[in-house]
Amino acid sequence: ITQPKQPAFLVGKNNADQNNIAVGTNTLITFPHERFDLNSDFNTSTSTFTAPVTGKYCFSSLIRINTLDYVSGNYYFIELLTSNQSYRKIFNAYDTINRDSDYHTLDFTLLVDMDAGDTAQMRFYQRNGSVQSDIEGSENYTYFSGYLVA
């Protein structure tokens, strides 16, 4: 059912990696390429979705991280940061791999309560280790989507 202010978007990278992500910093994951944005609620210049109406929104994301650093106690997470809440998926490299890894993917799907005007962005964090991790630039491996459910 299509209604006024019925948002739905799917955005991805534009064949450009985000290289050498800073360690110990929440880094905005950029999504400069829209596959579709039915209500023009996703701003590609700021990689931010703004809810046009109050409701429950479903967000989904897949992020491919290249050149992971295997270091004791090192972990990574992706985060959906909304105006009201932070949602994280963590990957503990030390418990999972036993050497530097070519890549790993982190994904999640969430149902989130948002008010009109609330925003949502994807972020990436690496706890420690070397500045060597990259976010894959292919839109086949790194993307973000969302739509109004109710």
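Strands S7 and S8 form a hairpin with three residues between them, where strands (E, at least two residues) are DSSP runs numbered from the N terminus, as are helices (H or I, at least four). This is a predicted model, in which local features need pLDDT of at least 70 and side-chain atom pairs count only at pLDDT 80 or more, while totals for chains, interfaces and linings use all residues. Residues are numbered from 1 along each chain as its sequence is written, and side-chain values use heavy atoms, with hydrogens and water left out.

The protein has one helix and twelve strands, which follow the pattern β-β-β-β-β-β-β-β-α-β-β-β-β along the sequence. Of its 150 residues, 45% are buried, that is, under 20% relative accessible area, with exposed meaning over 50% and partly exposed in between (1.4 Å probe, protein chains only).

Strand S7 (residues 75-82) is mostly covered, since six of its eight residues are buried. The table lists its pairings; two strands pair if DSSP finds at least two bridges between them.

| Partner of S7 | Sense | Bridges | Facing residues |
|---|---|---|---|
| S8 (residues 86-92) | antiparallel | seven | Tyr76 and Phe91 |
| S10 (residues 119-126) | antiparallel | seven | Phe77 and Tyr125 |

Elsewhere, Tyr147 lies in strand S12 (residues 143-148), and Tyr147 counts as partly exposed because its relative accessibility is 42%.

Across the protein, residues 24 or more positions apart account for 78% of the contacts with a separation of 6 or more, a contact being heavy atoms within 4.5 Å.
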